Amino acid sequence: MDDETSEGWTGSCFKKGGKKLITLTPICMQCNTQQNIEVTEEQLRNYNGGTHIQDAMPNLTPGQREILISGTCEKCFNKIFSL
Ligand SMILES: [Zn+2]
């Protein structure tokens, strides 16, 4: 019962320091690079509850947020939008 997937993200849950953390492993659909992004259960719940990702997960880098939102890593995102 402990694996959570949401928004098509796959991830694994683990506990650290009494907190439940989830490692999200989104894969860039452009270059197929997998990233590991660690979030807390609370952050994921807030995001799924409709909180904007920059408010729900303020500790992530813009590139990490990008791949979660659009499925495109920062490198590919920059490539696409610098054309
Ligand atoms: Zn990419």
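The model is predicted.

**Loop between E2 and E3**
- Although Asn32 is not a glycine, its phi is positive, at about 60°.
- Cys31 is also found in the loop between E2 and E3.
- Cys31 is exposed, because 11 other C-beta atoms lie within 10 Å and the cut-off for exposed is 12 or fewer.
- Apart from neighbours within four places in sequence, Cys31 has contacts with Cys73 and Cys76.
- Cys31 and Cys76 are separated by 45 residues in sequence, and their C-alpha atoms are 7.4 Å apart in space.

**Sheet**
- Three strands form an open sheet in the order E1-E2-E3, and the pairing is antiparallel.
- Strand E1 (11-16) and strand E3 (37-40) are the edge strands, each pairing on one side only.
- From one strand to the next, the twist averages 30°.
- E1 and strand E2 (residues 19-24) run antiparallel and are joined by six bridges.
- Lys15 stands opposite Lys20, which is in E2.

**Helix on the sheet**
- Helix H1, residues 41-48, lies across E2 and E3.
- The angle between H1 and E3 is about 85°.

How values were computed:
Residues numbered from 1 in each chain as written. Predicted model: local features only at pLDDT ≥ 70, side-chain atom pairs only at ≥ 80, totals over all residues. Pairing = 2+ DSSP bridges. Helix = DSSP H or I, 4+ residues; strand = E, 2+ residues; numbered from the N terminus. Axes fitted to C-alpha atoms, helices over the stretch in contact; angles between N-to-C directions. Contact = placed C-beta atoms within 7 Å. Buried ≥ 20, exposed ≤ 12 C-beta atoms within 10 Å, placed from the backbone.
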